[in-house]
Amino acid sequence: MQASIESLGSYLVDNKIALDGIVITGDVTVAADPEGYKMLPAFLGRLGAAMIDADRVLLTPGNHDVKWSTDPGTTDRYAALLELRNSTGYRTAYIDGIDIDGDGTPASDDKLPLLTGTDGSFVVVGLNSSNHCGVDAAVEDDLRKHITTIEAQAAKDPSLAALLTAWKRRGLSDLARLDNPQLHAAANLWPSDHTRAAEAPLRIAALHHQIGPVTDIEEVKAFETMSNLGEFRKWLVDHRVDVVLHGHTHVAYNRHDVQRNYRSGITTTAEHRFLVVGGGTIDRGTPHAVVANLITTSPSAPKLRPLQIRGLKATTSKKPLTHHDFTHDSTFVRGDIEHAAGVVSGPTIDDVFEQLLGLGDLSGCVRPLVCRIADGSSALALPRSYPDSPFPADVTDGWLKETVSWWQRAPRGPGATFNHGERLKHRDGEELDQIERAAKALATDTESSRGVAVLVHPRTDLVENATFPSFVMLHATVTGTAPTRRLDLVAYFRKQEIPHWWPINMAELATIQQQMIQIMDGESRTVHPGSLTTVTSIPVAGAGIPFVGVPWLDRVADKPSEMLALISPLLTRDRDQAITAWKLAMADWALGHTPPADGEPVPLEGLEAVADLINGLSDAFGDQRASEVAALLRALRALASANTIYRSAIRTKNRGAARTTWVKTVHEERATIMQLLNDLADPASADLAAPPAEH
């Protein structure tokens, strides 16, 4: 144990991992021996520089930490533990009868049995389940009057003494129980976040005893689990506990558990899912048993919390630890049965998106991934937690609308090999509005299943090297009855990048939903926005905005008025406006350290269009700025050339090397362009170039 903890301390320091709390779930000593308690500070001290303040250590008493054959809730029972707490400053679970009274009222607010993450990501509440362990059974009334006489006779008769000792031992039970005052006092420690918003910290309950069987091995004893286990598991549901830490069983494991509301029906909404982490121990012959768990929470606080648990394997001597010296489990909490089946659902885009972020890199996600938003209209705005947004908040809504508009335009814009709008409203060069046809079919018969639109052209798409949308089919149905009929959409994707693409696709679906509702209204059939569901065969996650973010420059390449918005402030020498406009034009194709999972935005048509427009207006800049204009044109065309080369390499094996070259070129040319823009729009240069005034 000592070698293992010393090795862990060095590992934490070497890898710059700072502990935020230490939770000990009991059995520090044997038979409440004070000498065992005295060893604990020195043992934790073997963590060395990784050790944290005593105030960040929380201890819950085990059945071996209390003095047996003493009354519950007495100083005699907890004397050694109280001495440890007073001498070290460790936190402990509330001690029944000492820290709290019979109503669960704390005697003091000092040293609460509570650890709160310094980053706000977790709250640990300690509980005492050992208050009744080793308590002598009550003597029956008709026998109590004879005990004194029997004990006096046993002092003279060894056989009777042995019988009396055995009789008393049989009345001694290792009873685990959480008294009502304990549960009441602990309940008041949780944060008052009744809505359990995504920002709420992870709720972790720590106690000594298990909350159910942990193996299939029979244990013959009076009380295998807590006597009021049902009450405690209901407490876990009532207070939405996310993780339970326990010891006692000597078995290290990490396992999801589900508890139903005892008065519920058969619906899954009555189920609460939580993670149980059991602490192990070292026995002879098991040198690699897990002796401690290193648990990492996420400060980003999505609704589904990613959780990493590394179990430290025991080592017989101090050594540098590697990946192989730990067991590794990665999971998420705050999920439910639906997540285990690959279904993520919620009332709004914000609620569902936070759950999706909590699924991490999606490598362990069940396929297909089904995402359902009850209120489809909520998808018309980006989720609040949308990552890597290239624009400030006041610009983001406009960016989303422009992006959706580009993907929904028919026919497609310049430079695009396809977009969704053209696939939905044109076929083989002719107008064929599938959205209108589906809407009219449903307006005619609200029970129809013919509200289908297809984005794949098998003859031209399903051939080698052909590019076609990942969004392959849309199905619209009407649910409910008048006057509350709802239009529901289900979209099928062969592949979808979730953190960045999915919100854009949902905004597209919400836009299509609105269009269909308007068409149906024109056919005298009133429906309201219903649910939006996506079914994705291959969900992926990546860093940075992928090609979903069609650069603004390309979106407006065929709109001269938009292009002039970049050039006008240069002509009028409005430097602030010019720099702001060009920064926004460059912002939505950010260069991350690693390429996004599904391509990335690389403007080309827009760069060429703005260069052509500047060239056509070069005379308007005057002779004084001719050299700056020529230099700007060279830089824009160099950037367009670099983008052309990289675009052709994005889907090849040479992408990595091509991207390295591209990123270097883009950084250089961007810096050159911004400096030239600054010079071109500098009002001071206009003053220097002006002719002297006549007198």
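**Salt bridges in close-up**

**View 1. Lys-664 and Glu-668 form a salt bridge.** In this predicted model, the closest N and O atoms of Lys-664 and Glu-668 are 2.8 Å apart. Both residues belong to helix H20 (residues 655-680), and because they are four residues apart there, about one helical turn separates them. Lys-664 is exposed, its relative accessible area being 53%, whereas Glu-668, at 41% relative accessibility, is partly exposed.

**View 2. Asp-350 and Arg-384 are joined by a salt bridge.** The closest N and O atoms of this pair lie 3.1 Å apart. Arg-384 has 67% relative accessibility and so counts as exposed.

**View 3. A salt bridge brings together the side chains of Arg-409 and Asp-558.** The N to O distance is 2.9 Å. Here too, distant parts of the chain are linked, the two residues being 149 residues apart. Arg-409 is in the loop between H10 and helix H11 (420-425), and Asp-558 is in the loop between helix H15 (552-555) and helix H16 (560-571). Arg-409 is partly exposed, with a relative accessible area of 24%; Asp-558, at 37% relative accessibility, also counts as partly exposed.

**View 4. Asp-55, Arg-91 and Lys-111 are linked in a network of salt bridges.** Side chains of opposite charge can pair when their charged atoms come close. A search of the whole structure finds 21 salt bridges.

Conventions: Residues numbered from 1 in each chain as written. Predicted model: local features only at pLDDT ≥ 70, side-chain atom pairs only at ≥ 80, totals over all residues. Heavy atoms only, no water. Salt bridge = Lys/Arg side-chain N within 4 Å of Asp/Glu carboxyl O. Buried < 20%, exposed > 50% of the residue type's maximum accessible area, 1.4 Å probe, protein only.
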